[in-house]
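These are my notebook entries on a single structure. I set out to record what I looked up, one topic at a time.

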Amino acid sequence: MAEKKKDYPTYIAPTGVAKFCNLVTPNTRFKAEGEYDVQVLYNPDDAAFLKMKEFITQAHAAAFEAAKKADKKTYVDQGIGNMIKEDTNKDGEPTGKWIVKFKHAAGGISMKEKKPWSWKPALFDRYHKGLAPGTVIFGGSVLQVAYQLKHNAMKTGAFYTSLSLQAVVVVELKDAFTRDAAGYGFSAPAEETGEDAFGEQVPEG
């Protein structure tokens with residue numbers, strides 16, 4: 001009898017703004033088979049974001065302790081910093097936002113059956129209807145992401161948690177001509193920071 005595949009709970013992330021996304025075509029920069037991913041921006045005072053961040057932090061800590069107890073090994077806690085962190089612009093300067101990364105491999109070879117498999121996320125519009133084929137989702141689009149927590153204990157001793165992308169609802173679609181500055185990774189606008197793009201104070205009035 002075949003072993004039953006583990007069933008992971010699925011969670012819904014708060015609505016946020018996509019900064020970078022590869023939801024229609026997988027990103028092959030780091031893996032030959034590619035991976036689907038999306039990075040979503042949140043304000044640091046967003047109560048829903050803070051609740052999600054705390055939930056993931058606690059879930060990771062509990063899984064780390066459980067792994068050490070079960071395996072009797074010395075694991076190195078990698079935390080969740082690779083998935084949830086403060087956002088920066090192209091110059092490495094903080095933008096005042098937080099960014100959360102969701103990802104899932106586009107394919108691979110199954111460990112047991114040694115057979116190739118492929119995968120892609122389910123994409124829906126704001127009415128929960130399937131997104132029209134050929135629709136391209138650009139940064140700046142407003143999204144909700146369905147994800148699963150995957151806790152990984154590596155043979156090297158590293159222990160980390162990833163946010164496994166499952167599906168996306170596009171609340172507001174932006175294309176290449178309608179994305180705003182945040183969709184390209186620029187910092188907050190001058191009316192919020194009091195400074196222009198070069199760090200100079202903007203005159204009042």
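Entry 1, aromatic rings. I began with the rings of this predicted model and found that the structure holds seven aromatic pairs. One of them joins Tyr42 and Phe49, and I noted it as stacked, with 5.2 Å from centre to centre and 15° between the planes. The pair counts as stacked because planes under 30 degrees apart fall in that class. I needed both numbers because a pair of aromatic rings is described by the distance of the centres and the angle of the planes.

I next looked up a cluster of rings. Ring pairs link Tyr11, Phe55, Phe102 and Tyr147. I also recorded a charge over a ring: Lys150 lies over the face of Tyr8, at 4.6 Å from the ring centre.

How many residues does the largest nonpolar core have? I recorded 29 residues, and those with the most contacts inside this core are Leu23, Val38, Phe102 and Leu163. At least two core residues come from each of these elements: strands E2 (16-27), E3 (35-42), E6 (94-105), E10 (142-153) and E11 (158-172), and helix H1 (47-71). Apart from this core lies another, of five residues, including Phe64, Ala67, Tyr75 and Phe159.

Where does His128 lie? I found His128 in the loop between strand E9 (122-124) and E10. Phi of His128 is near 70°, a positive value in a residue other than glycine. His128 is exposed, because its relative accessible area is 57% and the cut-off for exposed is over 50%.

Entry 4, confidence. The chain averages 83, and 82% of the residues score at least 70. Confidence is highest in strand E1 (residues 11-12), at 97, and lowest in helix H2 (residues 190-193), at a mean of 49. Over residues 193-205 pLDDT stays under 50, and for these residues the model has eleven contacts beyond four places in sequence.

Definitions and conventions. Residues are numbered from 1 along each chain as its sequence is written. This is a predicted model: local features need pLDDT of at least 70, side-chain atom pairs count only at pLDDT 80 or more; totals for chains, interfaces and linings use all residues. Side-chain values use heavy atoms; hydrogens and water are left out. A nonpolar core is a set of buried Ala, Val, Leu, Ile, Met, Phe, Trp, Tyr and Cys residues joined through side-chain atoms within 4.5 Å. Buried means under 20% relative accessible area, exposed over 50%, partly exposed in between (1.4 Å probe, protein chains only). Rings of Phe, Tyr and Trp (its six-membered ring) pair if their centres lie within 6.5 Å; planes under 30 degrees apart count as stacked, over 60 as edge-to-face and the rest as tilted. A charge sits over a ring if NZ of Lys or CZ of Arg is within 6 Å of the ring centre and within 35 degrees of the ring normal. pLDDT is the predictor's confidence in each residue, from 0 to 100. Contact means heavy atoms within 4.5 Å.
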